[in-house]
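I would ask you to keep the structure in view while I go through it part by part.

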Amino acid sequence: MPVDYARHLAENLPSGDLTLMPDAGHLYPLSGEFQDQLFERLADYLINDKERRNTAT
């Protein structure tokens, strides 16, 4: 995906976020480093989402 499209999606989707990983090729998702970063970001998002929902009630 061209980076401009990814930026557009991140800016226009609710709770959208974009993390660019320099020098990461197409097989980067298979690396342990990527998987660690992915799961850390997912956990952060889920924790923050739960906190947002708890403060909204």
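Let me begin with a definition: a residue is called exposed when its relative accessible area is over 50%, buried when that area is under 20%, and partly exposed in between. Lys50 has a relative accessible area of 52%, so it counts as exposed. Please bear in mind throughout that this is a predicted model.

Lys50 is a residue of helix 2. Tyr5, for its part, belongs to helix 1. With a relative accessible area of 56%, Tyr5 is exposed as well.

Tyr5 also brings us to the surface. Together with Met1, Leu9 and Leu13, Tyr5 makes up a nonpolar patch there. The accessible area of these four residues together is about 480 Å².

I turn now to the salt bridges. How many does the structure hold? There are two.

One of them joins Asp4 and Arg7, whose closest N and O atoms are 3.8 Å apart. Asp4 is exposed, at 55% relative accessible area, whereas Arg7, at 37%, is partly exposed. The value for Arg7 falls between the limits of 20% and 50%, which is why the term "partly exposed" applies to it.

The other salt bridge is formed by the side chains of Arg41 and Asp17, with a distance of 2.0 Å from N to O. This pair links distant parts of the chain, as its members are 24 residues apart. Arg41 sits in helix 2, which spans residues 32-56, while Asp17 sits in the loop between helix 1 and helix 2. Arg41 is partly exposed, with 39% relative accessibility. Asp17 is exposed, with 55%.

Helix 2 gives the most, with seven residues. What is the make-up of the lining by class? It has 17 nonpolar residues, six polar ones and three charged ones.

Let us remain for a moment with the loop between helix 1 and helix 2. Ser15 is located in this loop. Its phi angle is near 60°, which is a positive value in a residue other than glycine. Is Ser15 buried or exposed? At 53% relative accessibility, Ser15 is over the 50% limit and therefore counts as exposed.

Ala24 is found in this loop too. Ala24 has a relative accessible area of 30% and is partly exposed. The C-alpha atoms of Ala24 and Phe34 are separated by 9.2 Å, and these residues are ten apart along the chain.

Finally, consider Phe39, which is part of helix 2. What separation do we find between the C-alpha atoms of Phe39 and Pro2? They are separated by 24 Å, with the two residues 37 apart along the chain. Phe39 is exposed, its relative accessible area being 54%.

To close, I would recall two points. Thank you for your attention.

Notes
Residues are numbered from 1 along each chain as its sequence is written. This is a predicted model: local features need pLDDT of at least 70, side-chain atom pairs count only at pLDDT 80 or more; totals for chains, interfaces and linings use all residues. Side-chain values use heavy atoms; hydrogens and water are left out. Buried means under 20% relative accessible area, exposed over 50%, partly exposed in between (1.4 Å probe, protein chains only). Helices (H or I, at least four residues) and strands (E, at least two) are DSSP runs, numbered from the N terminus. Ala, Val, Leu, Ile, Met, Phe, Trp, Tyr, Cys and Pro count as nonpolar, Asp, Glu, Lys and Arg as charged, and the others, Gly among them, as polar. Patches are made of residues with over 30% relative accessible area and no salt bridge: like charges are joined within 9 Å, nonpolar side chains (Val, Leu, Ile, Met, Phe, Trp, Tyr) within 5 Å. Accessible areas come from the Shrake-Rupley method with a 1.4 Å probe; for residues, only the protein chains shown count as cover.
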